[in-house]
Amino acid sequence: MLEIKTAKTRKGKRELEKRAPKLVESGKKTLILHGTKTSAVLNAVLAQIYHLKKDSAVKFSRKNENVKPFEAGGETSLEFFSLKTDCSIFVYGSHSKKRPDNLVLGRTYDHHIYDLVEVGVENFKPMESFSYDKKLAPKEGSKPFIVFIGEGFEAVEELKHLKEVLLDLLRGEVVENLNISGVDRAYVCAALSPNRVFFTHCALRLKKSGTVVPRMELVEVGPSMDLVVRRHRPANESLRKEAMKTTREKPKKKEKNVKKDELQGKIGNIYIPDQKIGEMALPNKAKGVKRERREAKQKNESDESASKRKKEDS
């Protein structure tokens with residue numbers, strides 16, 4: 001029998017609650033790692049992807065011999081790393097004579113491999129090779145525009161699959177409202193052929209247009225590369241249906257200081273701070289205070305007269 005371990009500390013319980021399934025999922029984290037052999041180009045590509053996803057990415061620096069995504073038994077270590085780091089997207093780099101500068105992009109569901117796309121990197125240009133005004137450099141963690149150009153993303157099965165994976169990889173956390181002035185970057189993906197996609201990263205320059213919506217200009221800041229689709233493995237239909245399940249019920253906001261009772265119904269707690277009545281300044285015209293002072297004065301006078309009588313009698 002397997003022993004089920006539970007969290008013993010509050011911090012551990014909070015961590016398990018974060019990893020538990022939710023009606024509205026938070027942003028997906030990305031795991032970046034490489035195999036036993038890589039090239040200088042591939043190392044630069046992985047470093048640049050980590051730089052773009054720095055706020056929501058985990059990068060392994062050691063070589064991983066047992067990770068082989070498309071081979072039987074080679075996914076076990078990858079699924080373990082996904083569970084350990086709580087990452088649902090991964091980018092795996094490897095280099096060989098048969099498949100040079102190879103990238104495997106994949107997603108996991110319940111920390112098991114969901115789907116895979118393998119691409120080759122060609123014509124890579126790092127960020128350092130682009131010259132532009134540094135004031136236009138996108139800020140870390142900002143929301144991007146993602147542009148897909150070409151009919152291939154709607155007609156070719158491999159490119160449709162690559163589009164889904166790139167969207168999950170690049171978009172970050174899903175939000176309902178967005179301030180246009182805070183959007184300072186765009187990812188552009190252009191389908192050049194049925195198996196080749198040009199990918200580049202651009203900064204946005206906002207200019208006056210005479211209307212409420214400003215005119216936007218794209219300034220290429222890198223990195224840029226050609227992605228050549230080699231192999232892909234989509235999710236099977238039963239797994240896709242399970243992963244796409246949703247509920248019609250909207251998540252209810254937690255109400256503070258409110259509880260429900262079967263008999264009394266909804267009960268609310270109201271916080272009233274200590275009023276410190278003894279330190280409060282009372283008005284001078286208070287009749288009750290005057291009466292108390294008068295009574296105290298009369299009592300003191302009667303006590304003094306009684307003490308004088310005793311002295312005289314003695």
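Mentor: Let us begin with the face of helix α3 that is turned away from its buried side; in this predicted model, that face carries the exposed residues T76 and K84.

Trainee: Which residues of helix α3 are buried?

Mentor: The general idea comes first. An α-helix has 3.6 residues a turn, so residues three or four places apart point the same way. In the present case, helix α3 spans residues 76-85, and its buried residues are L78, E79, F81, S82 and T85. Seen down the axis of α3, these buried residues fall within an arc of 160°, so they line one face of the helix.

Trainee: What covers the buried residues of α3?

Mentor: The cover includes five strands: β1 (30-34), β2 (57-63), β3 (89-94), β4 (102-109) and β5 (112-125). Just after α3, D86 takes a positive phi of about 60°.

Trainee: How many cavities of 30 Å³ or more does the structure hold?

Mentor: Again, the general idea first. Rolling a probe the size of a water molecule over the atoms shows where empty space is left. Here the structure holds 1 cavity of 30 Å³ or more, and the largest cavity has a volume of about 150 Å³. It is lined by 13 residues, of which I49, L166, L169, F199 and M225 are the closest to its centre.

Trainee: Which elements each supply at least two residues of that lining, and what is its make-up by class?

Mentor: At least two lining residues come from each of α2 (40-52), β4, α5 (157-170) and β9 (215-233). By class, the lining has 12 nonpolar residues, no polar residues and 1 charged residue.

Trainee: In what sense does strand β7 pair with strand β6, and in what sense with strand β8?

Mentor: Strand β6 (residues 144-149) and strand β7 (residues 185-193) pair in the parallel sense over 6 bridges, with I146 opposite Y187. Between β7 and β8 (residues 196-207), the pairing is antiparallel and runs over 8 bridges; there R185 stands opposite A203. A hairpin of 2 residues joins β7 to β8.

How values were computed. Residues are numbered from 1 along each chain as its sequence is written. This is a predicted model: local features need pLDDT of at least 70, side-chain atom pairs count only at pLDDT 80 or more; totals for chains, interfaces and linings use all residues. Side-chain values use heavy atoms; hydrogens and water are left out. Buried means under 20% relative accessible area, exposed over 50%, partly exposed in between (1.4 Å probe, protein chains only). Helices (H or I, at least four residues) and strands (E, at least two) are DSSP runs, numbered from the N terminus. The arc is that of the directions from the helix axis to the C-beta atoms. Contact means heavy atoms within 4.5 Å. On a 1 Å grid over the protein atoms alone, a cavity is a set of points where a 1.4 Å probe fits but cannot get out, and a pocket is an open set with protein on both sides within 12 Å along at least five of seven lines; lining residues have an atom within 4 Å of a point. Grid points are joined across faces, edges and corners, and a volume is the space filled by probe spheres set on the points. Ala, Val, Leu, Ile, Met, Phe, Trp, Tyr, Cys and Pro count as nonpolar, Asp, Glu, Lys and Arg as charged, and the others, Gly among them, as polar. Two strands pair if DSSP finds at least two bridges between them.
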